[in-house]
Amino acid sequence: MDAKEIEKCMDDFGTDIYRFCLKLCADKADAEDLYQQTFLKALETEWTIDWEKNPKALFFSLAHNL
């Protein structure tokens with residue numbers, strides 16, 4: 001994934017991912033860290049997003065696994 005794809009993902013469903021992180025952590029600071037780690041992990045990996053499928057699910061699973 002490149003930075004432009006990550007930025008688009010953050011724009012499209014970043015709020016939903018943040019809310020999920022907040023629900024998982026139940027602490028604002030921890031949720032913000034998890035949110036950043038989630039998108040950083042996506043940036044570090046060499047995935048290609050298939051926009052026809054559900055890319056949001058990928059980020060939910062990343063956050064959950066982290």
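**Charged pairs and their surroundings**

Asp-12 counts as partly exposed, at 44% relative accessibility. The model is predicted, and the count of salt bridges in it comes to three. Asp-12 takes part in one of them, with Lys-8 as its partner.

- The closest N and O atoms of Asp-12 and Lys-8 are 2.8 Å apart.
- About one helical turn separates the two, because they are four residues apart in helix H1 (residues 3-25).
- Lys-8 is partly exposed, with a relative accessible area of 40%.

- Asp-16 meets Arg-19 in a salt bridge at 3.6 Å, N to O; both lie in helix H1, three residues apart.
- Asp-16 is partly exposed, with a relative accessible area of 25%, whereas Arg-19 counts as exposed at 54%.
- The side chain of Lys-56 also forms a salt bridge with Asp-16, at 2.9 Å, N to O.
- This pair links distant parts of the chain, 40 residues apart: Lys-56 is in helix H3 (residues 55-65) and Asp-16 in helix H1.
- Through shared partners, the salt bridges join Asp-16, Arg-19 and Lys-56 into one network.

- Asp-27, Asp-30, Glu-32 and Asp-33 form a negative surface patch.
- Asp-30 lies in helix H2 (residues 28-44) and is partly exposed, with a relative accessible area of 41%.
- Thr-38 is also placed in helix H2, but Thr-38 is buried, because its relative accessible area of 0% is under 20%.
- Among the residues that Thr-38 touches are Ile-17, Cys-21 and Phe-59.

Methods:
Residues numbered from 1 in each chain as written. Predicted model: local features only at pLDDT ≥ 70, side-chain atom pairs only at ≥ 80, totals over all residues. Heavy atoms only, no water. Patch = residues over 30% accessible without salt bridge, like charges linked within 9 Å, V, L, I, M, F, W, Y side chains within 5 Å. Areas by Shrake-Rupley, 256 points an atom, 1.4 Å probe, with all protein chains shown as cover. Salt bridge = Lys/Arg side-chain N within 4 Å of Asp/Glu carboxyl O. Lys, Arg positive; Asp, Glu negative; His and termini not counted. Charge placed at Lys NZ, Arg CZ, Asp CG, Glu CD. Buried < 20%, exposed > 50% of the residue type's maximum accessible area, 1.4 Å probe, protein only. Contact = heavy atoms within 4.5 Å. Lists of a residue's contacts leave out its neighbours within four places in sequence.
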